[in-house]
Amino acid sequence: MTGRTYPDERAGPFEGPPRRFTDAEGRDIAVRDADADDYDDLVAMYDAFDPEDRAQGIPPMRPDDVRKWVADLLGEECSNVVARHGDDVVGHATLVPDVATPGADDDVTATDAVDTSDPEEYELAIFVTRAYQGAGIGTQLLEALLGKGQADGVEYVWLTVERWNDPALALYRSVGFVTSNAETFELEMGIRL
Amino acid sequence: MHLLVGVDGSDDSLAALSATVDRVSETGDDLTVALLLDAEAAADVDLDELVRDALGDVNATRERVSGDPASRLVELADGGPYDRLVVGGGSRSPLGKVNLDQFLEFVLLNATTTLTLVR
């Protein structure tokens, strides 16, 4: 563990995907597990993503970087759910294993040995296309992803969020994320499933 | 122009140094390298050797900086004849999110010298 703090209380339970609902704008939205088959549609979503909605450097801007990033996120160790409106992916939430030891980028010495096959912490990110924001899709995506994580045995999830991003803060708090570090440039939050 | 590069031994700082060395090879700018001796990353490496290797044939003065890396670097930059303070940084989380660590945040908020952040 990296020394991040998490709530003692476990959050949830959350229901994993699939989910189907009508969003606040009356659109029929389906939230499902995502895998390699969703690669093209995810790339399409991020290629068209409004630069204003980027946070902390993601999604990447350049097309090559987008493709590499999406491919990495669809890797084996990660969990992904997508929200579709018809054929389009309009939202995406992901959990990526965090196997970093504090202060060590690459060198893992004998005294700092980390079992990379069993990550304890996961980093979470969620993106919703601008036209679909503010309609309740983020909440559904987030809960579905946390439900999926719970089912997969994920316990500790953290994220960073820009301090001024009130909608995001409200969303994370509503499902049980708690601020774990208010001293860093971005606010860090954690949840225990 | 006179450039000051802060090097603490981290990969980011060495990348910043390398990029700056490339630049001054072409432009002939003056270069000073600040070795941040008490930085966390400096503890595991031979900072002098890394800087020497990165400089190669390029002429540069070296400043050995002890104490708190961020504040001492800013003090050096703002108190000297430097036109640019160059640092590396903005490490990436597992998801690819950029993290500004406390060193970078301090330098960003406190330096009055124009800053170049090498990524």
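Conventions first. Residues are numbered from 1 along each chain as its sequence is written, and chains are lettered from A, with ligands numbered from 1, in the order in which they are written. Because the model is predicted, local features need pLDDT of at least 70 and side-chain atom pairs count only at pLDDT 80 or more, while totals for chains, interfaces and linings use all residues; side-chain values use heavy atoms, with hydrogens and water left out.

Chain A, then. It has four helices and eight strands; these are DSSP runs numbered from the N terminus, with helices being H or I of at least four residues and strands E of at least two. The order from the N terminus is β-β-α-α-β-β-β-α-β-α-β-β. Of the 193 residues in chain A, 48% are buried, where buried means under 20% relative accessible area, exposed over 50%, and partly exposed in between, with a 1.4 Å probe and protein chains only. Among contacts (heavy atoms within 4.5 Å) in chain A with a separation of 6 or more, 68% join residues 24 or more positions apart. The accessible surface of chain A is about 9,800 Å², 45% of it on carbon and sulfur atoms; that is Shrake-Rupley with a 1.4 Å probe, and for residues only the protein chains shown count as cover.

One exposed position in chain A is A:G134, at 80% relative accessible area. A:G134 sits in the loop between β5 (121-128) and α3 (137-151) of chain A.

Now chain B, starting with strand β1, residues 2-7. Six of its six residues are buried, so β1(B) is largely enclosed by the rest of the structure. In a regular strand, side chains alternate between the two faces of the sheet. Here B:H2, B:L4 and B:G6 lie on one side, B:L3, B:V5 and B:V7 on the other, and all are buried.

What does β1(B) pair with? Strand β2 of chain B, residues 30-36, runs parallel to it and is joined to it by six bridges; pairing requires at least two DSSP bridges between the strands. B:V7 stands opposite B:L35 in β2(B). The chain gets from β1(B) to β2(B) through helix α1, residues 11-27, in a right-handed β-α-β crossover, meaning that with the strands pointing away from the viewer, the path from the first strand over the helix to the second runs clockwise. β1(B) also pairs in the parallel sense with β4(B), residues 84-88, over three bridges, and B:V5 has B:V86 as its bridge partner there.

Next, the cores. A nonpolar core is a set of buried Ala, Val, Leu, Ile, Met, Phe, Trp, Tyr and Cys residues joined through side-chain atoms within 4.5 Å. The largest has 36 residues, and B:L4, B:V7, B:L31, B:V33 and B:L73 touch the most other members. Apart from it lies another core of 35 residues, including A:V31 and A:L141.

In helix α3 of chain B, B:V74 counts as buried at 7% relative accessibility. Leaving out residues up to four places away in sequence, B:V74 touches B:F106, B:V107, B:N110 and B:A111.

Last, the interface. The contact takes 11 residues from chain B and 20 from chain A. The two chains bury about 1,300 Å² between them, 56% of it on carbon and sulfur atoms; buried area is the accessible area (1.4 Å probe) that two parts lose on being put together, summed over both. B:P94, B:L95 and B:K97 supply 52% of the area that chain B buries against chain A, more than any other three residues.
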